[in-house]
Amino acid sequence: MLKKKPIHHLHLESIDSTNDYVKTHYEEFDLGRLSLVSATVQNHGRGTKQKSWNSTSPHNIYATFFFETKSEKDLQCLAQLLSLSAAKVIEKFGFCPTIKWPNDILVDHKKLGGVLCEIIHTKDASLVVIGIGLNVNMPKSVLDEIDQPANSLFVSSGKVFSSQDVLKKIGNEFQKDLYVFLEEGFKPFCELYNSYMVYRELPVVENDTPIGFSQRVTDNGFLECRGKKGEISYISSGSIDIRNSKH
C-alpha cells in the first residue's frame with residue numbers, strides 16, 4: 001500500500017528525460033512512497049507514441065511521479081487521472097482547461113500539456129512511471145515553433161507563474177486523488193473527467209484504423225465510440241481526429 005507521506009521530490013537542472021531517469025534510478029527511492037523527479041530542462045522529452053516533446057525551454061514543467069503498487073485495478077487510467085488532477089489545479093488559477101482524451105490538457109483548444117504513463121511489471125508488483133509536461137511561462141515565439149496549436153499559462157493570461165508552485169499544487173492534488181484511485185479505481189473520477197472532456201462526436205482512430213465517433217469515458221477509463229450504424233465499442237488507446245473540428 002502507498003504510504004501516506006509527503007511526496008519525495010528530487011529536482012535536477014538538465015537531464016535527457018524525467019521518465020528515463022526514473023526507470024534507470026528507481027531502486028534508489030522508497031517505492032512505497034510517491035516520489036517525484038523534475039527538471040529545469042529536458043534534452044529528449046517524449047510524448048505518447050514516441051513523439052518528441054519540446055522541452056528545452058527552462059520555463060515549463062517537466063516532471064515524473066512514480067511509485068510501486070500491487071494493485072492492477074484500472075492502471076491503464078493513470079494518465080487520465082493525472083491529467084484530471086492537473087486540470088483541476090489549472091482551473092483554480094483562473095483558467096478554463098479541458099482534456100482531449102486520453103491525456104492532453106488544453107486551454108483555449110490549444111495544447112498546454114500532456115501525460116505519459118509507463119508501467120514496469122516486476123515479479124510481485126508494478127512500478128508506475130507517469131510523466132507530465134506543462135507549458136507554464138513559454139513565450140509565444142517558442143510556441144509558434146511547435147507543430148500543433150500550443151498554449152502556455154503565460155501566453156493565455158499575460159501573467160508569469162512559478163513553475164515549482166504549479167508543480168507542487170499538481171503533486172498535492174494528484175497524491176490526494178491517487179489514494180482514492182488505488183482503493184476504488186477510476187469510477188469516482190469518471191463523471192468529473194467527462195465534464196472536462198472535449199471533442200465528442202469526432203472520429204476516433206486506433207493504429208490508423210477508424211473506430212467510430214467519440215462519446216464519453218467509461219467507469220474504467222475506456223473511450224466509448226459509436227460506429228456509423230450505431231454500434232458501440234470501447235478502446236483504451238487511440239486518438240481523436242480533430243482535423244475537421246470547428247475549433
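Biologist: How many disulfides does the structure hold?

Modeller: This is a predicted model. A disulfide here needs two cysteine sulfur atoms within 2.5 Å. The sulfur of C117 is 9.9 Å from the closest cysteine sulfur, in C77, too far for a bond, and for C190 the nearest cysteine sulfur, again that of C77, is 8.9 Å away. The number of disulfides in the structure is zero.

Biologist: Is C190 buried or exposed?

Modeller: Buried means under 20% relative accessible area. C190 has a relative accessibility of 3%, so C190 counts as buried.

Biologist: Which residues of helix 1 are buried, and over what arc around the axis?

Modeller: Helix 1 covers residues 18–25, and its buried residues are T18, N19, Y21 and V22. They lie on the same side of helix 1 because the arc they cover around the axis is only 160°.

Biologist: Which strands do the buried residues of helix 1 pack against?

Modeller: The buried residues in question are T18, N19, Y21 and V22. They pack against strand 1 (8–15), strand 2 (35–42), strand 3 (61–69), strand 6 (110–121) and strand 7 (126–134).

Biologist: Where is S163 placed, and which residues does S163 touch?

Modeller: S163 belongs to helix 5, residues 163–184. With 16% relative accessibility, S163 counts as buried. Leaving out residues up to four places away in sequence, S163 touches H59, N60, I61, V136 and N137.

Biologist: In the hairpin of strand 9 and strand 10, which residue takes a positive phi?

Modeller: Strand 9 (residues 209–217) and strand 10 (residues 223–226) run antiparallel and are joined by four bridges. R216 has E224 of strand 10 as its bridge partner. Five residues lie between the strands, and the residue with a positive phi, near 85°, is G221.

Biologist: What is the phi of G230, in the turn between strand 10 and strand 11?

Modeller: Strand 10 pairs with strand 11 (residues 232–235) in the antiparallel sense, over four bridges. The bridge partner of L223 in strand 11 is I235. The hairpin has five residues between its strands, and the phi of G230 is positive, about 90°.

Technical notes
Residues numbered from 1 in each chain as written. Predicted model: local features only at pLDDT ≥ 70, side-chain atom pairs only at ≥ 80, totals over all residues. Heavy atoms only, no water. Pairing = 2+ DSSP bridges. Helix = DSSP H or I, 4+ residues; strand = E, 2+ residues; numbered from the N terminus. Buried < 20%, exposed > 50% of the residue type's maximum accessible area, 1.4 Å probe, protein only. Arc of directions from axis to C-beta. Contact = heavy atoms within 4.5 Å.
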